[in-house]
Amino acid sequence: MNESRIKTRIYNGRKEIFDPVRRKFVVLTPEEWVRQVFVDYLIHQKKYPAGLISIENEVKGHYKKSRTDIRVYNTQKDVLMVIECKAPEIKLSDKVFGQASRYNMQLKAPWLVITNGKEYFCAHINHKTNSSEFINEIPKYHEINQNG
C-alpha cells in the first residue's frame, strides 16, 4: 500500500479522507481509514477495477437496515466479493465473520473478506454446498472474475 495515494484534509474543523470510489471526501474515522487503505490495496495491488467497487450499499431484504462496507462486482453487476471493515482495535472474531456472512446470505457473493487493517480473513464461499474455505491471500481480480 502506498500511503502517498491516500489524501486527507481538515475541513470545517473535521478530519476527512478522500474516497476514490465515491469521488468525495468523507469523515475520517478509524474504520474509514481501514476501508480506504483496503480499497487502495484492491485497486493498485490486486488490480480490481475501481469502477466495479462500491462503498456502503444497503443490503436489501435484510431483517434490519444494514450496509456492506465494500462490494466488488463483475461487469454483469453480479456481486463477487463482500468486504466488512472494522476499526484497527476491533478483534476479528467469529462474530465479525458472522455479521459479514449474514449480509452475504442475501448477496450470494462467492468471496467474503473481513479486515481491521492489521489482519484479514478471506473465504471462498460455495453457496450450493453451504460451505466455505479460508484462503491465505486476497485473490487478484482476474482470479475471482470468471466472466471477464
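Is Arg 35 buried or exposed? I started with this residue. Arg 35 is buried, with a relative accessible area of 2%. I keep in mind that this is a predicted model.

**Entry 1: the partner of Arg 35**

I looked for what the Arg 35 side chain meets. Its partner in a salt bridge is Glu 56, at 3.3 Å from N to O. Arg 35 belongs to helix 1 and Glu 56 to strand 4, so the pair ties together parts that are 21 residues apart in sequence.

**Entry 2: other salt bridges**

Side chains of opposite charge can pair when their charged atoms come close. I counted the pairs next. The structure holds 11 salt bridges.

I looked up Arg 22 and Asp 19. Their side chains form a salt bridge with an N to O distance of 2.4 Å. Asp 19 is buried, at a relative accessible area of 0%. Arg 22 is partly exposed, at 25% relative accessibility.

Then I took Lys 86 and Glu 84. These side chains also meet in a salt bridge, 3.3 Å from N to O. Lys 86 is buried, with a relative accessible area of 14%. Glu 84 is buried too, with 4%.

Which residues are linked with Arg 35 in a network of salt bridges? I found Asp 19, Arg 22, Glu 32, Glu 56 and Asp 69 in that network, along with Arg 35.

**Entry 3: helix 1**

I went back to the helix that holds Arg 35. Helix 1 covers residues 30–44. I tested its length. At 1.5 Å a residue, its 15 residues should span 21 Å, and the end C-alpha atoms are 21 Å apart, so the two values agree.

Which residues of helix 1 are buried? I list Glu 32, Val 34, Arg 35, Gln 36, Val 37, Phe 38, Val 39, Asp 40, Leu 42 and Ile 43.

**Entry 4: helix 2**

I ran the length test on helix 2 as well. Helix 2 has 14 residues and reaches 20 Å from its first C-alpha to its last, close to the 20 Å expected at 1.5 Å a residue. Its buried residues are Val 96, Phe 97, Gly 98, Gln 99, Ala 100, Tyr 103, Asn 104 and Leu 107. The cover over these buried residues includes strand 5, strand 6, strand 7, strand 8 and strand 9.

Lys 108 follows helix 2. Lys 108 sits in the loop between helix 2 and strand 7. Its phi is positive, about 60 degrees, although Lys 108 is not a glycine. Lys 108 is partly exposed, with a relative accessible area of 49%.

**Entry 5: the largest pocket**

I noted the volume of the largest pocket. About 230 Å³ of space lies in it. Which residues line the largest pocket? I wrote down Phe 97, Ser 101, Asn 104, Met 105, Lys 108, Leu 112, Ile 125, His 127, Asn 130, Ser 131 and Ser 132. Helix 2 (94–107) and strand 9 (131–135) are the elements that give two or more residues to this lining. Helix 2 gives the most, with 4 residues.

Asn 130 is in the loop between strand 8 (120–126) and strand 9. Its phi is near 55 degrees, a positive value in a residue other than glycine. Asn 130 counts as exposed, because its relative accessibility is 73% and the cut-off is over 50%.

**Entry 6: a loop residue**

Last, I looked up Asn 12. Where is Asn 12 found? Asn 12 lies in the loop between strand 1 (8–11) and strand 2. Asn 12 is exposed, with a relative accessible area of 70%. I checked its separation from Cys 85, which is 73 residues apart from Asn 12 along the chain. Their C-alpha atoms are separated by 26 Å.

Note on methods. Residues numbered from 1 in each chain as written. Predicted model: local features only at pLDDT ≥ 70, side-chain atom pairs only at ≥ 80, totals over all residues. Heavy atoms only, no water. Expected span 1.5 Å × (residues − 1). Buried < 20%, exposed > 50% of the residue type's maximum accessible area, 1.4 Å probe, protein only. 1 Å grid on protein atoms, 1.4 Å probe; cavity = no way out; pocket = protein on both sides within 12 Å on 5 of 7 lines; lining within 4 Å. Points joined across faces, edges and corners; volume = space filled by probe spheres on them. Salt bridge = Lys/Arg side-chain N within 4 Å of Asp/Glu carboxyl O. Contact = heavy atoms within 4.5 Å.
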